[in-house]
Amino acid sequence: MLARHRNANGNTAYGCIINLCSTRYLQNEAGTESHSASKGGIYSLTHALAVSLAPGWIHVHEDEVLRPEDIARMCLFLCEPENDFVKRQTLTIDGGATVKMIYPE
């Protein structure tokens, strides 16, 4: 997700936040409570930050802002042989909008 911050000169700048967590937040075993909870916390934090920082939509109508490049880049990434360990994932590319369940009227 894109995050606005102040750079060393005091100017507004943008940077990316990438949060990673294991699948332990979805798959638990006995004795993994602390580990599982910490991974669930990272997952929930990522959702909350997406709502706070940059919810948005990809519009595909001729008279609106277009963002199909984001979809294309993700497709290209997934097709690269070097990324073949990324399997069976659901990637929602909507600027974080569905995390908050907001819909354009």
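Predicted model: local features only at pLDDT ≥ 70, side-chain atom pairs only at ≥ 80, totals over all residues.
Local features are given only at pLDDT of at least 70 and side-chain atom pairs only at pLDDT 80 or more, whereas totals for chains, interfaces and linings use all residues. Residues are numbered from 1 along each chain as its sequence is written, and side-chain values use heavy atoms, with hydrogens and water left out.

The protein chain contains three helices and two strands, taken as DSSP runs (H or I of at least four residues for helices, E of at least two for strands) and numbered from the N terminus; along the sequence they follow the pattern β-β-α-α-α. Of the 105 residues in the protein chain, 10% are buried, where buried means under 20% relative accessible area, exposed over 50% and partly exposed in between, with a 1.4 Å probe and protein chains only.

Within helix 1, S36, K39 and A50 are buried. Viewed down the axis of helix 1, the buried residues fall within an arc of 75° and therefore line one face, the arc being that of the directions from the helix axis to the C-beta atoms. The face turned away from this buried side carries the exposed residues E33, S34, A37 and S52.

V86, which lies in the loop between helix 2 (68-79) and helix 3 (97-100), is partly exposed, with a relative accessible area of 36%.
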